[in-house]
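Please read them with the structure open beside you.

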Amino acid sequence: MSLPATLYPPTPKDVPASVTQVSPNFKKEVKGVMGSIVLFFVIYLLMFLLSIMLLICCIYAGLAIIVNVRHLVAIFAGIGLIGLALMVFIFLIKFMFAVNKFDRSQSIEITETDQPELFNFIRRLAADTQAPFPKKIYLSPDVNACVFYDSGFWSMFLPIRKNLQIGLGLVNTVNLSEFKAVMAHEFGHFSQRSMKLGSFVYNVNKIIHNMLFNNTSYAVFLGKWARISDVFAFFAAMTARVARGIQWVLRMVYGLINVRYMSLSREMEFHADAVAASVSGSRSLVSALRRIEFAHGGFGIAVQKCNDLFTQNKITDNIYVNQLQVMNHLAAEHKLSFHKGLPVIPGDFTGLEGKTRVIYSDQWASHPSTADRAKRLMELNVEADESDEPAWSLFQNTTFLQQQLTEKLYEKAWKGRKGFQLVNAEEFEQKWKNDLQQKSLPAAYKGFYDDRQVNIPAEETEDSLFNLKPGKENLEQILTPENVVLPKQIEMAGRDIETLKSIAEKRVDVRSFDFDGQKYPAQEAGAMLEKVEAELKQYEQRLRSVDEELIGFFVNRVPVQYRDEIILKYKDYFKYKRKADAYLQHMNSLLGVLTPVFTSRVTSIDHIQQIIADLKQNYEPEWKQMMGEWLELGAFDEEPIAVEKIKQLIASDYQYFDGNLYIETELADVNEWCHRGWAFVHHWLFLKFKSLLEWQLELVEEKAVA
């Protein structure tokens, strides 16, 4: 079956061979990575040989002790010595038997029978890019496309056919030419000889990472061995010391290999982009990259909204319709134009998070920035006719696919739960609009309080706020453009400070950075940091002054009979804001105690027991007390299910660890309800603040009319 011409955008003609030639930088990075890999294998081989020598010596010495001394302690010592060497040897070789499987749990495999036009499209594209046809093709729910394969130690030496995964969140937000460009980019990876090198480096890094971090079961076994006797405990401790020494050496190699590979990875991305441009044109991939970046934000918001619905036992029937609903709203909010139902993302669009003043080339980033990729692509200047037909044109049974992949998103979460109510597109949009309405504040405030709440004074000084003399005559004089933008300036300054700190403290290894469009050497980061910190203090001081001026304005402008009431409402709000801040601080401390557990960085059974004891004695009781107080205040009343769950948590006696294994359900409950609990508290406090803002504005406007 041949593919209709309308479903395969034209391929550029007479593309110069130089477009897809491997760059000198690419060759340089390949040599650097190869050198790092050779170094790793030399170091690893040396440690492996030393471990064999240690094993032989310890077996000989251990047997000699057991045979010649003939005492129970000596027998234990001999066994312990042999066990030490054996465990060190196992520590070094355990990775050889591990297989790193790509997670397919949220994917579905499709066949040519299911999707003949898509397969014909991919077959033709594979021929155009001179890449092998993928072994299998999968669909996933997300905004992505990738090449993947299952890997293990032996896959470094054996040929592996790659699979292709296509995210429906991507298909949902690009046109046919953009889809062709994205797929061609992935096929650019298929066709690269460096993919084999990438497999090597990936596996080497995985080996080192496993030795450095994935050792919970190994630590548990050492703990069990140590508890048999004091003699075994001594040898278990010695084994742990040797393992830590090996980890220290490998950590050094890990950094060296990774930084070189990341640099190569960026060159691989540029090369794959060039391959894509050669068959789809430069503009198609540039517009795809920008649109995908925007689509990620829309998809994330849609998923979050579906998560909120899920807590109410409601599920969407098609998240891809919801994704477009959210994207359309975001595009309208940012005043973007539309073409064929999709938002057009201009080159100067700063993204959903806004613009940063500090820019640097991150050597640990595996991908170049979208701006850098777009610049390179436009420099290639490959022209091609474009098709603005939706990418869905290639797929059959699209609604069924969308619903099937939507179910995949819920698959793990809804196990064991029943009684779900289906939410269609109209209901989702209504819920979305209701939530937006609930979060929206009166236009008179000009967005000044968006995503923030008023600064609160120290308890002992709050009375002075209500004795301020009347200032400006109207809100316009307070909420000037310069004042309204202060919260955003503070947010951006905070981000820039963190970036500059990372450069100044050498947590990121860069030689230079751009600040406000000018280039500076890395040594200047400290000076720029001081400058931005000083600016931040000024912004915060000005914001606090504006907050106080607004409070004074309303206290002095409401009708006299309401003056005591508005002061009482502000004091009431301040009290609950302090209470919420204390709850957030305690919750973060509790989660901080559990961080080693959640990140699998616990070294022994004793360490686990110490963490759990600390949690049970010093954090859990106060957390439950605070949850109970917020429950009484009605912070969870919007969701009856949440009310019941909080009551169960308060009454529970979780142990979290049974002596050998974590009780995962209990740990998951605490983690989930720390975060969800704060979300409820924050929302309750916001509604209280919103009610105050609406009430005071209404009173002042009524007075003005009267």
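1. At what angle do the axes of helix α9 and helix α13 cross, and within what distance do they come? In this predicted model, the axes of α9 (residues 282-310) and α13 (residues 425-439) cross at roughly 95° and come within 11 Å. Angles of 65 to 115 degrees count as roughly perpendicular, and α9 and α13 therefore stand in that relation to each other.

2. The contact between these two helices draws on Ile301, Ala302, Lys305, Cys306 and Leu309 from α9, and on Phe428, Lys431, Trp432 and Asp435 from α13. Sorted by class, the contact of α9 with α13 holds six nonpolar and three charged residues, with no polar ones.

3. On the α8 side the contact is made by Glu267, Glu269, Phe270, Asp273, Ala274 and Ala277, and on the α11 side by Asp372, Arg373, Arg376, Leu377 and Leu380. The contact of α8 with α11 comprises six charged and five nonpolar residues, and no polar residue.

4. Turning to the sheet, three strands form an open arrangement in the order β10-β12-β13, with antiparallel pairing. Its edge strands, β10 (358-359) and β13 (518-521), each pair on one side only. Strand β12 (residues 512-515) is joined to β13 by four bridges, and Ser512 has Pro521 of β13 as its bridge partner. Helix α17 (residues 525-557) packs on this sheet, where α17 touches β12 and β13 and its direction makes about 25° with that of β12.

Terms used:
Residues are numbered from 1 along each chain as its sequence is written. This is a predicted model: local features need pLDDT of at least 70, side-chain atom pairs count only at pLDDT 80 or more; totals for chains, interfaces and linings use all residues. Side-chain values use heavy atoms; hydrogens and water are left out. Contact means heavy atoms within 4.5 Å. Ala, Val, Leu, Ile, Met, Phe, Trp, Tyr, Cys and Pro count as nonpolar, Asp, Glu, Lys and Arg as charged, and the others, Gly among them, as polar. Axes are lines fitted to C-alpha atoms, for helices over the stretch in contact, and angles run from 0 to 180 degrees between N-to-C directions. Angles under 35 degrees count as roughly parallel, over 145 as roughly antiparallel, 65 to 115 as roughly perpendicular and the rest as oblique. Two strands pair if DSSP finds at least two bridges between them.
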